[in-house]
Amino acid sequence: MKRILRKTLPLLLLVVLMGVGSTTIHAKTMKKMRTVYYIVCGSYTSLNAAIKQSEAMSEVVFYPVYKTKVNGKTVYRLCCECYYSREDAQKDLDGILSGFKGDDWWIWPSKGLAKCVYRPQSPADGESRIPALKPRTKALTE
């Protein structure tokens with residue numbers, strides 16, 4: 001019995017660990033690959049310019065800044081909402097956000113969650129930062 005355990009137990013543990021590891025890696029990969037649709041209210045070539053615009057707007061609205069690459073160049077985007085569905089993003093852009101939007105507001109499809117590089121201060125206490133956007137599962141406009 002000891003001999004069987006000695007030979008099979010390490011193999012069994014290896015199989016279990018490999019199965020758990022690949023499931024975790026697979027889950028993380030799948031999460032990153034889901035398209036997220038951001039409503040962009042400004043795009044800038046420098047982080048400082050994006051932060052300046054975010055701060056200028058922060059008396060009324062609070063938009064975080066996201067970093068991405070376009071044609072090999074880094075750009076910074078001010079985003080007001082994000083969704084798992086393009087239709088929901090478009091519905092809110094045309095509906096509830098139509099009173100705020102400018103001509104340069106648009107929907108950005110991102111492969112997975114984009115990297116948030118700046119969050120303005122929260123109006124709640126003036127010391128903490130607003131959270132990064134989390135994708136909505138349905139539109140606010142109905």
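The buried residues of helix H3 pack against strands S1, S3 and S4, where helices (H or I, at least four residues) and strands (E, at least two) are DSSP runs numbered from the N terminus. In H3, Asp88, Ala89, Asp92 and Leu93 are buried. These residues lie on the same side of H3, because they cover an arc of only 135 degrees around the axis; the arc is that of the directions from the helix axis to the C-beta atoms. Buried stands for under 20% relative accessible area, exposed for over 50%, and partly exposed for values in between, with a 1.4 Å probe and protein chains only.

The model is predicted; local features need pLDDT of at least 70 and side-chain atom pairs count only at pLDDT 80 or more, while totals for chains, interfaces and linings use all residues. Residues are numbered from 1 along each chain as its sequence is written, and side-chain values use heavy atoms, with hydrogens and water left out. The mean pLDDT of the chain is 81, and 76% of its residues reach 70 or more; pLDDT is the predictor's confidence in each residue, from 0 to 100. Over residues 4–27, pLDDT stays under 50, and the model has two contacts beyond four places in sequence for this stretch. A contact is defined by heavy atoms within 4.5 Å.

The chain contains three helices and five strands. Along the sequence, these elements follow the pattern α-β-α-β-β-α-β-β. Of the 142 residues, 33% count as buried. The chain exposes about 9,800 Å², of which carbon and sulfur atoms supply 58%; accessible areas come from the Shrake-Rupley method with a 1.4 Å probe, and for residues only the protein chains shown count as cover. Among contacts between residues at least 6 apart in sequence, 71% join residues at least 24 apart.

The five strands form an open sheet with antiparallel pairing, in the order S4-S1-S3-S2-S5. Strand S4 (106–111) and strand S5 (115–118) are the edge strands, each pairing on one side only. From one strand to the next, the twist averages 55 degrees. Two strands are taken to pair if DSSP finds at least two bridges between them.

S2 and S3 run antiparallel and are joined by six bridges. Valine 70 has lysine 73 in S3 as its bridge partner, and lysine 69 is partnered by threonine 74 in S3. The two strands form a hairpin with two residues between them. Asparagine 71 is placed in the loop between S2 and S3. This residue has a positive phi of about 50 degrees although it is not a glycine. Asparagine 71 counts as exposed, because its relative accessibility is 79%.

Threonine 68 is also placed in the S2 region of the sheet, within the strand itself. In contrast to the exposed asparagine 71, threonine 68 is buried, with a relative accessible area of 18%. Apart from neighbours within four places in sequence, threonine 68 is in contact with Lys73, Thr74, Val75, Arg77 and Trp108. Lysine 67 stands opposite lysine 115 in S5.

Two helices are placed against these strands. Helix H2 (residues 47–57) lies across S1, strand S2 (65–70), strand S3 (73–83) and S5, and runs at about 30 degrees to S3. Helix H3 (residues 86–94) packs on the sheet and touches S1, S3 and S4, its direction making about 155 degrees with that of S4. For these angles, axes are lines fitted to C-alpha atoms, for helices over the stretch in contact, and the values run from 0 to 180 degrees between N-to-C directions.
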